[in-house]
Amino acid sequence: MAESIKKEDFATDLLGEESLDNIHHVNNPVLDVPTIEKKYLGKVVSYVKDQSAFIFTDGKASVEIKVFSDEIIRVRLAPQGTFLDDFSYAIKKDLDLRPTSFSFDETVDTYCIRTSVAVCKIQKENFLVSFEDAEGAVINADRAPMHWEESPDFGGYYVYCTKETQADEAFFGLGDKSTNLNLRGRRFRNWNSDTYGFGFNQDPLYKTIPFYIGVSSGHAYGIFFDNTFKTFFDFAAEKNDRTSYWSEGGEMQYYYIHGPLMMDVVKRYHELTGTHYMPPLWAIGYHQCRWSYYPEANVREVAQQFRKREIPCDAIYLDIDYMDGYRCFTWNKRYFPDPKKMISDLAANGFKTVVMIDPGIKVDEDYWVFKEGKENKYFCRRGDDYFMEGYVWPGRCQFPDYTNPKVRDWWGTLYKGLVDDGVAGVWNDMNEPAVFGRGTFPDDVRHYFEGLRGSHRKAHNIYGMQMVRSTYDGLKKLQRNKRPFTITRAAYAGTQRYSSVWTGDNIATWEHLRIGLLQLQRLSVSGLSFCGTDIGGFTGEPNGELYTRWMQFGVFSPFMRVHSAGDTRDREPWSFGPEWEAICKKFIEIRYKLLPYIYTVFWRQHKYKEPILRPISLLEQHKPENLQREEEFGFGHHILVSPVIHPGQQSKIVYLPEGTWYYYFDHTKYLGGQEHQIDTPLDKMPVFVRGGSVIPEYPVMQYTGEKNIDTLQLNVYWAEGRYDSEVYLDYGDTFAYEQSVYSEKHFIVEGKQDSLTVVQYQEGMYNERFDTYKMYLVGVPFTISRIDADGSILTMNTDDQGQSYVSVEKEFRKLTII
Ligand code: GLC
């Protein structure tokens, strides 16, 4: 260790898995708990350059700094000088990042690697690594040299990184943590866990997303600690001036992601880990789920009720009871004598069927899945070579090792029967993996890990991700390249490439409605934009008001599904009586009206890497008070909502970002950049549309694709200034969009006190069926005297409700309204 660094400077930073309470005991001499012996990087003695990477050494340990792009720089530590395999499940395969240019220079004290926007500095004397912007402002800096611990006494190997924390710094990200949006002052652990009825602040939960965003002085950056072992994050909890992350194994390997905008940090994180593909359109409709709808007559009855009551719905879910003794890929023929017929009847009525598949395979010599898995050695084994066995729904089970590509291929083929039966989507659950009694697998379970091998300590957090990956790949092949729909409970960073997610077994309480609001915003900035909660709460009983308020939030959740546990009362939108049914229906209809807008938001997520839900901190990070706001969020670029999350709430204070906003329900105009008191009667919620937007709307349909669209409604919201909007359309279920068979319509709206112009241009090769836009003009501050589309004069029409609109040919280039 270098002379100039006193170990005491750093020694108190991290103490492994201990809770904060225990940490205080460490300093208590009475208990005489030994401190952990840590080793720190010493003085840099030499370096070598290797293409876009530099390797520095203190004589023994090495640090690699690699420039991925102008904004992304990776740091790796090899305590013994040998780096581990450069492999990651999180990073997408076809990564094509490279810096435009970068340079290297050396001063007496430092080495500097410069890109066009960021500078990585390594202090020679003490190996401290820091990142600055091009102007020399320090954005993120080591507080201590990277360090590690290899101690048999403490059961293993730990790697640590400790960063300086600024007084005003706020932290975001980290996946599904059930806590306030700003993570500062808290410590977290990532170890995917089945947490039925979890609570506020409970940690860990189902997912591991070791990515966070720091914001200080209005400047954001990201850290992605790509390590699949149990990882820990301490955001200035133990010491107010430092933030640390560490793991119980693997490599200290992290990506520094430059901002300065939070939005750009999230986009760059997506550059590394990918985005969700375009979901099939039906997947963003309303979904009805229950543990479980059975027998068949019950499923049919629920479907029938939706159509009878004219409440739109696109999918019905079958939870574990559809299976024969919980054996995956089988049917309980007593409950479902002819699944194919049932599914096709449902499909004829506009319902997709989604089924549950768990990883636990029943140990049963007469069960083909078990036999195939056993013969081919596809199941996980313990350190002593015995099979990993545990109890889940079917009783005694063994578990596929999804970290083996052969096993993933096999698992993918198992869906053939279900797909032939007409199943449209798959729900993967219990994949933390969950095992009754013991929680999960013991640490000694061996995994193939793409041939690199690893114990369960290394593979635990990616087990669920690899399961749903194989589900996705299998469905994609079997459904002949139709876009699959999958949903998973467990996830690791990058799971968005294969699946949507939900937040697991929440509770039917107002507090949980709020937790869901926080979780979905957080998942969205952590790369998992296609996310939802169990609307109404999984366990416990909501009353009509809670259910309805949750449904309202559900309309603005990327994934919209009602789900509940088996022992709860009915949870269909009509279950709470006519008063609540009417409001739920009205809100589900809003979801369906907004479908083309929501679909466009998914496109922006897929193509432009924008999160679907946008916390106010992400929209306006330059205002310090915004870093604490958590109730209102952007739903895509043009809509802002603030769900009602308290019983009996008559009104609420809503902050609107800078600009002009229109209340969705009556078009009242509001000035942004300030708070407003908004009435919240039960049949409304604060929903606002940004002035300058063009919002496409569909007529209400009972399911996606029910009606042909012969004219597309566009609502144009006037605002002073120039604004961009897009509308994305395609076939809705094929991958043709990857070959540019889509239409991305751009609208440039320019509002003045006495005029409004809309300029349109289109990208892509899809030619939709409609040929006319039905345009509604909202908030125009002048009396309209003339409407001109590319030189032709148009007149205003009046619809059935007495609202004025103008019909414009879809090919128009410029519309001028004066
Ligand atoms: C788990 C899931 C829940 C599901 C239940 C039965 O608790 O989280 O959604 O209904 O298992 O399969």
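**View 1. The shell of residues around the ligand, sorted by class.** By class, the shell comprises 7 nonpolar, 1 polar and 4 charged residues, where Ala, Val, Leu, Ile, Met, Phe, Trp, Tyr, Cys and Pro count as nonpolar, Asp, Glu, Lys and Arg as charged, and the others, Gly among them, as polar. The residues surrounding the ligand are W291, D319, I320, M356, W393, W427, D429, R489, W502, D505, F538 and H563, a residue being near a molecule or strand if one of its heavy atoms lies within 4 Å of it. The model shown is predicted, and local features need pLDDT of at least 70, side-chain atom pairs count only at pLDDT 80 or more, while totals for chains, interfaces and linings use all residues. Residues are numbered from 1 along each chain as its sequence is written, and side-chain values use heavy atoms, with hydrogens and water left out.

**View 2. Oxygen atoms of the ligand and the side chains of D505, H563 and D429.** An oxygen atom of the ligand lies 2.5 Å from an N or O atom in the side chain of D505, and for the side chain of H563 the corresponding distance from a ligand oxygen atom to an N or O atom is 2.8 Å. In the side chain of D429, an N or O atom is found 3.0 Å from an oxygen atom of the ligand. Of the 310 Å² of accessible area that the ligand has on its own, the protein covers 97%; accessible areas come from the Shrake-Rupley method with a 1.4 Å probe, and for residues only the protein chains shown count as cover.

**View 3. The cis peptide bond at W291 and S292.** The peptide bond from W291, one of the residues surrounding the ligand, to S292 is cis, with omega near -10°. S292 lies in the loop between β20 (286–288) and α4 (296–309); helices (H or I, at least four residues) and strands (E, at least two) are DSSP runs, numbered from the N terminus.

**View 4. The cis peptide bond at D203 and P204.** The bond from D203 to P204 is also a cis peptide bond, with omega near 0°, and P204 belongs to the loop between β13 (186–190) and β14 (207–208).

View 5. Although F449 is not a glycine, its phi is positive, at about 50°, and the residue lies in the loop between β27 (446–447) and β28 (454–455). E450, found in the loop between β27 and β28, has a phi near 55°, a positive value in a residue other than glycine. F449 has a relative accessible area of 4% and is therefore buried, whereas E450 counts as partly exposed at 23% relative accessibility; buried means under 20% relative accessible area, exposed over 50%, and partly exposed in between (1.4 Å probe, protein chains only).

**View 6. The side chains of K623 and E658.** K623 is placed in the loop between α14 (616–619) and β36 (633–635), and it counts as buried because its relative accessibility is 15%. Its side chain makes a polar contact with the side chain of E658 at 2.9 Å, a polar contact being a pair of N or O atoms within 3.5 Å; within protein, one must be able to donate a hydrogen and the other to accept it, and residues adjacent in sequence count only if both atoms are side-chain atoms.

**View 7. S725 in strand β45.** S725 has its place in strand β45 (residues 721–729) and is buried, with a relative accessible area of 1%. S725 and I748 are 23 residues apart in sequence, and their C-alpha atoms are 6.5 Å apart in space.
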